[in-house]
Amino acid sequence: MQYSRLIAWAGASVLALQVFAEPVLAATMEGKKQVSTFQAEDIFALEWATDPQISPDGRYVVYVRHGFDIMKDNTKRSLWMLDTKSGSHTPLFDDQYSYGNPTWSPDGSRLAFSSNRGGKNQIHVYHVATKTHSAITEVQESPRQFAWSKNAKHLAFMMNVAAPKTDFAKSVKKPEKPKDANWAKPPVVVERTYYQRDGAGVLKDAYSQLFVVPSDGGHARQLTEGAYSHNGPLAWVDNDQALVFSANRNDNWEHQVNEADLWQVAVSDGELTQITSQLGREYAPVISPNGKQLAYLQRGNEPVPYHNAKLTVMDWQNKTSRQLLSDFDRSVESPLWINNSALAVQYADRGRFKLAKVTLKGQLTDWVNDVGGVSISRPYLSGSYSLAAESGAVAYTEGSSYRPADVTLYHQGKKRKLTALNEDVLGHRELGKVHEFTYTSSYDDTEIHGWYITPPNYDPNKKYPLVLEIHGGPHLAYGPTFAAEQQRYAAEGYIVFYNNYRGSTSYGAEHALKLDGFYSSERDHADHMAGIDVLIDKGLVDASNLFIAGGSAGGIATTYAVGLTDRFNAAAATNPVINWVSKTLTADSYLGQIHNQFPAKPWEDYEHYWKRSPLSLVGNVKTPVMLFSGENDRRVPMSEIEQFYQALQLRQVDTAMVRVPDASHAVTARPSNMIAKIEHTLAWFKRYLKE
């Protein structure tokens with residue numbers, strides 16, 4: 001973190017901060033210096049807030065402050081504290097170590113957090129009054145999803161525990177290795193169904209278990225065991241005598257991708273009791289302040305790629321449940337009790353994340369609609385919030401079209417922005433202006449919601465080249481929030497168009513399922529092309545200079561599109577699926593994807609898989625294509641882009657393959673790789689830009 005930034009901030013009053021709703025269009029507050037556009041090196045200077053946790057009395061907010069380390073090429077995570085009364089903004093921990101998971105004790109006197117200060121991630125506890133802290137665990141794996149007991153004497157958490165060796169692994173005979181011999185690494189034995197994960201590689205044979213540890217430090221005691229799926233978040237119930245969590249404890253759980261129930265474990269002896277048995281997944285339990293009602297989320301088990309999550313409340317005494325907002329066609333997230341008669345929730349609606357209040361009578365009242373800004377590279381819906389148990393104040397990550405996430409306080413109908421993390425950078429840059437519009441798909445009457453960014457110094461009398469950038473998922477959504485990628489394209493003179501095509505979330509279940517069985521296809525392709533035609537008809541876009549790009553599902557749509565049309569000058573596809581047969585049988589997501597997205601297994605309905613594959617259309621492709629992917633990608637293995645590259649090389653179509661060493665599906669996680677993706681795309685498009 002740059003000290004000049006900290007010094008400048010220390011002299012500013014939080015209460016006097018200006019909320020920037022529009023890009024800086026002229027000189028900055030420093031004087032009459034010329035404003036420049038957003039450059040690649042600016043990405044290293046960006047900062048953003050996540051996980052803002054407000055103390056029970058609403059006085060303090062601790063959040064995780066993120067920034068890029070240009071020397072180590074990674075993300076730095078520190079803990080900062082905001083005093084909502086005085087406006088002070090001070091570091092709790094900002095050094096060479098990494099910090100996260102801030103969690104207040106019920107009385108607000110202590111703060112639990114995770115850190116690798118001792119070499120391994122451990123749980124630490126910070127004492128607010130004395131400003132001292134200590135590690136309270138000495139565990140071998142990373143603890144996560146912390147939960148304070150109501151009396152603050154214990155912390156519960158989840159952690160992976162290695163499984164015993166199988167009889168096969170134990171029975172393999174191994175000769176003794178001579179002293180100082182240099183043998184090859186031993187083979188890795190894989191017997192589990194779910195054996196790999198993108199970003200982690202082949203997984204250790206381990207299972208997530210629930211633990212409890214004294215909050216003053218001591219032995220971490222394991223409460224659950226067995227080769228099952230146990231998941232947080234965790235809820236203390238029955239006067240701290242038990243914990244509720246989500247789990248699938250069936251022997252065949254790895255194949256039951258849409259099933260999980262709520263379970264209770266006694267803290268004293270680990271006795272387990274199953275609480276729910278509904279069809280589908282029950283998860284995210286949270287107990288009411290009086291301990292009489294348990295709220296949780298529930299999803300159906302139908303074999304489809306999208307389900308709305310429903311808010312459910314259980315009478316804890318008789319274990320009867322009822323759904324709130326049963327007709328609400330949006331997916332509810334992150335329930336928290338405001339009091340014994342109402343909850344706060346987060347939900348996505350038409351490209352925006354909202355916070356709202358839900359009463360036990362089923363009345364929904366929106367609070368704010370600008371939660372976001374946590375996704376830095378592209379404008380995905382993102383963000384989080386917390387609630388002060390005593391004051392009812394809310395701290396959340398606020399995003400805008402022109403700034404990444406800051407911390408904002410919402411209380412009694414009023415908002416107050418508490419940070420301005422990027423004014424030293426973006427306050428001195430002219431950004432592209434974000435415009436919102438809707439139009440009708442040329443495939444059918446589906447309404448499509450989109451945005452376009454006009455370049456800095458936009459001249460309405462000129463027509464500009466256009467970049468269509470397609471989001472991944474496909475069951476995700478973009479919104480009008482800051483995105484380094486889109487702003488860089490705009491800075492280089494492109495109009496940047498992005499949308500929430502059919503299959504996107506935040507528009508209800510019907511819209512999300514309009515791609516079920518047709519991903520990718522002429523249907524979503526029409527959603528994109530119709531939007532381009534609208535912008536051409538508006539007189540904004542040069543129809544002879546059209547470009548297309550996208551990542552993951554957006555990469556699939558990109559490579560499928562060039563098999564359907566020759567309208568694009570060039571294409572840039574990041575980690576696209578090219579062949580659904582090979583992808584589903586090599587990727588880490590095969591269990592859920594085959595079960596929920598396809599009508600049968602690949603060998604049972606090969607034609608369906610082939611029809612959805614961009615490789616099936618490769619004979620039509622004339623558009624120059626750049627392929628960009630991480631060599632360690634396990635969500636869409638590298639062999640996918642190699643298939644398309646080699647097929648296009650055989651057809652003598654201009655093609656470039658950009659391989660990123662050591663990168664996973666999250667290929668832009670490291671800042672230099674984010675910059676590489678953007679700048680390779682710009683260079684590729686420039687090659688085919690017509691004067």
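Reader: Which residues of helix H12 are buried?

Author: In this predicted model, the buried residues of H12 are Pro671, Asn673, Met674, Ile675, Lys677, Ile678, Thr681, Leu682, Trp684 and Phe685. Buried means under 20% relative accessible area, exposed means over 50%, and partly exposed lies in between, with a 1.4 Å probe and protein chains only. Helices (H or I, at least four residues) and strands (E, at least two) are DSSP runs, numbered from the N terminus.

Reader: What span should H12 have, and how far apart are its end C-alpha atoms?

Author: Helix H12 covers residues 671-687, and its 17 residues should span 24 Å at 1.5 Å a residue; the end C-alpha atoms are 24 Å apart, which agrees. The expected span is 1.5 Å times one less than the number of residues.

Reader: Before going on, what should I know about the model and its numbering?

Author: Residues are numbered from 1 along each chain as its sequence is written, and side-chain values use heavy atoms, with hydrogens and water left out. As this is a predicted model, local features need pLDDT of at least 70 and side-chain atom pairs count only at pLDDT 80 or more, while totals for chains, interfaces and linings use all residues.

Reader: Thank you. Where is Thr574, and what is it in contact with?

Author: Thr574 belongs to strand S38 (residues 570-574). Leaving aside neighbours within four places in sequence, Thr574 is in contact with Gly550, Gly551, Ser552, Gly555, Phe628, Val667 and Lys677. Contact means heavy atoms within 4.5 Å. Lys677 is also one of the buried residues of H12.

Reader: Is Thr574 buried or exposed?

Author: Thr574 counts as buried, at 5% relative accessibility.

Reader: Which residues of helix H11 are buried?

Author: Met638, Glu640, Ile641, Phe644, Ala647 and Leu648 are buried in H11. The cover over them includes helix H7 (553-561), helix H8 (580-584), strand S39 (625-630) and strand S40 (655-660).

Reader: What is the reach of H11, and what comes just after it?

Author: Helix H11 (residues 638-650) has 13 residues and reaches 18 Å from its first C-alpha to its last, close to the 18 Å expected. Just after H11, Gln652 takes a positive phi of about 60°.

Reader: Changing topic: what is the order of the sheet that contains S2?

Author: Strands S2-S3-S4-S5, in that order, form an open sheet of four strands with antiparallel pairing. Strand S2 (47-54) and strand S5 (89-93) stand at the edges with a single partner strand each, so one side of each is left without a neighbour in the sheet. Two strands pair if DSSP finds at least two bridges between them.

Reader: How many bridges join S3 and S4?

Author: Strand S3 (residues 60-69) and strand S4 (residues 74-83) pair in the antiparallel sense over 10 bridges. Tyr60 stands opposite Asp83 in S4.

Reader: And what is the order of the sheet with S10?

Author: That open sheet of four strands runs S10-S11-S14-S15, again with antiparallel pairing. Strand S10 (144-148) and strand S15 (221-222) are the edge strands, and each pairs on one side only. Three bridges join S10 to strand S11 (residues 154-162), and Met158 in S11 is the bridge partner of Arg144.

Reader: How many residues of strand S20 are buried?

Author: Six of the seven residues of strand S20 (residues 281-287) are buried, leaving the strand mostly covered. S20 pairs with strand S21 (residues 293-299) over five bridges in the antiparallel sense, and the partner of Glu282 in S21 is Gln298. The hairpin of S20 and S21 has five residues between the strands, and in it Gly291 takes a positive phi near 75°.

Reader: Now a loop: where does Tyr194 lie, and what is it in contact with?

Author: Tyr194 lies in the loop between helix H2 (167-171) and strand S12 (196-197). With neighbours within four places in sequence left aside, Tyr194 is in contact with Leu203, Glu254, Asp588 and Leu591. Tyr194 counts as partly exposed, at 26% relative accessibility.

Reader: Where is Lys462, and which residues is it in contact with?

Author: Lys462 is in the loop between strand S34 (447-454) and strand S35 (464-470). Leaving aside neighbours within four places in sequence, Lys462 is in contact with Gly539 and Leu540. Lys462 is partly exposed, with a relative accessible area of 44%.
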